[in-house]
Amino acid sequence: MNRLVTVAEMTLRELLRRRGVLLLLLLMPLTFYLIRRDAYLGQSVRSLLLGVGWAVSTAALFATTAARELEPRLRLAGYRPHHLYLGRMLGLWTVGLVISVPFFLLPIIDGADLRYGGLAAALLCSVAVAAPFGMLIGALLPRELEGTLLLLTVVTVQMLIDPAGSGARLTPFWSSREIATWTVDNTDQGYLSRGLLHGLVVTALLALGVAAVASVRLRRRRHLRHLPVG
Amino acid sequence: MNADDWLRTLTAELHQRRVAADAARHVVAEAATHLREGGGDPWVVFGPPQQYAGAVVESIGTAPGPRPGPVRLHAAGITKRYGRRTVLRDATLTVRAGQIAAVVGANGCGKSTFLRICAGLMSPDAGEVTVSGRLGYCPQSGGTADFLLADEHFVLVGAGQGVARGPARRAGRAAARQLGWEAGGDVQARHLSGGTRQKLNLTMSTLSAPDVLLLDEPYQGFDQGTYVNFWDQLSRLRDAGTAIVVVTHLLNQLDRVDIVLDLTPAHETGWHAPGIQGGRP
């Protein structure tokens, strides 16, 4: 447990010291919200949620790429793969929750009439999905540029795809979009249930993907035999 | 090199040549007194520190070195191919507790690959490695977190072994001091110079008190004084029973090691190190 918490703490410390990144993390969802402010409120809130998701995914991608060379030596220092990826995920979820707070308050200050419980749930889903999503991309694509371009592609698809179409359910942030519809348009409970279930399943699948990649990359190699000190 | 540097180098040389600690202290104190009272450039008065240390050894002899202990690392028949290119063929190395092994060879001959295979960070195409006890590894570069302080690196590595924060910090700072670096500052790793960053890297690898220490050219960016301290620390670890493997291209240090593994293909060089093991046929 101590190892898990230490990795989470160090991830948090690293991110908090990247002031420029933090500023951009806050700026991105804000821009997404403001750019749609004059139009329909639902679009504005959905853009905000997508901005939060993209911002946290990007932070996760960069944190994963930065830790790539450090992790093998931490493995030798006594960490097991799950300490490293779960600790990092924990740290990223914490950062995501912290940056979500002002974006939860933003529509309140803006005087928007919507279901605030739904907004909180949608933000939670965005953050929950975004951390393992960015980590998985970072684990599969070792270079930041490729990872960032892939994230950009996914977010663009998410923005442009018809949310009612069956393909939309395959996009990672469909859950928060569905919950946002319940939040803004006062639709039936089904939107909320579907969204929560989707968020839960996608988070679990992405976390499993991260676990699988990390376990392979940081596995104990068969050619190496450890003996106790004689 | 001023008088202090000269004395520091002499101290390290005497230690490396296994002059008894009391005798070495006495020799250095005498030389310091002579320089203080008589003045003059130590290079003119005594000559190069290495040469003077050699003369001292001839005159007073050395303390008997500790006998090598049990085998700590045994790498046998290591072969590694990248596509059609074979970078390692049947490389074999055995290192006992209290020995330093140097892995040498031309650029691209597979020195770092060999070390990564020994550390279990990469799989070979053939061969196996047996390690007794805890393993420490220092990469050639990287291996640190840009936005963390040195103390936080020590805490992170220490937590892996279940060491509490305070003791991990203290152990890290003490190990860094052996390399002439005061590590307790408020400076993030990304702001450290290349050499200091390598000191952090090296300190992290020794922090878990490994039984087998694998070092991949860890002295990049070290100044002369730190370089001397580095070999001095290696000698101390060896005397404490650590088995050390160091990748190096600096052949002038080979007289300080117990075993040499030359990975240069035989057709590329006529040079053969003393005590050579394994390598390619």
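How many salt bridges does a search of the whole structure find over all chains? The search finds 13, a salt bridge being a side-chain nitrogen of Lys or Arg within 4 Å of a carboxyl oxygen of Asp or Glu.

This is a predicted model, in which local features need pLDDT of at least 70 and side-chain atom pairs count only at pLDDT 80 or more, while totals for chains, interfaces and linings use all residues. Residues are numbered from 1 along each chain as its sequence is written, chains are lettered from A and ligands numbered from 1 in the order in which they are written, and side-chain values use heavy atoms, with hydrogens and water left out.

**Chain B**

Chain B has nine helices and eight strands. Both are DSSP runs numbered from the N terminus: helices are H or I with at least four residues, strands are E with at least two. Of the 281 residues in chain B, 53% are buried. Buried means under 20% relative accessible area, exposed means over 50%, and partly exposed lies in between (1.4 Å probe, protein chains only). Chain B exposes about 12000 Å², and carbon and sulfur atoms supply 49% of that area. Accessible areas come from the Shrake-Rupley method with a 1.4 Å probe; for residues, only the protein chains shown count as cover.

**The A–B interface**

The contact takes 29 residues from chain A and 42 residues from chain B, where contact means heavy atoms within 4.5 Å. About 3100 Å² is buried between the two chains, 55% of it from carbon and sulfur atoms. This buried area is the accessible area (1.4 Å probe) that two parts lose on being put together, summed over both.

Three salt bridges cross the interface of chain A and chain B. One of them joins Arg165(B) to Glu9(A), with the closest N and O atoms 2.4 Å apart. On the side of chain A that touches chain B, helix H1 (2–17), helix H4 (70–76) and S1 of chain A each give two or more residues. H1(A) provides the largest share, nine residues.

Strand S1 (residues 224–227) of chain A runs parallel to strand S4 (residues 126–132) of chain B, joined by four bridges. Two strands pair if DSSP finds at least two bridges between them. Leu227(A) stands opposite Ser132(B) in S4(B). Within chain B, strand S1 (residues 71–82) runs antiparallel to S4(B), with five bridges. There, Ala76(B) has Glu128(B) in S4(B) as its bridge partner.

**Salt bridges within the chains**

Side chains of opposite charge can pair when their charged atoms come close. Some pairs are listed here.

| Pair | N to O distance |
|---|---|
| Glu146(A) and Arg143(A) | 3.2 Å |
| Asp146(B) and Arg197(B) | 2.4 Å |
| Arg238(B) and Asp258(B) | 3.1 Å |

In chain A, Glu146(A) is partly exposed at 34% relative accessible area, and Arg143(A) is exposed at 55%.

In chain B, Asp146(B) is partly exposed at 34%. Arg197(B) is partly exposed at 21%.
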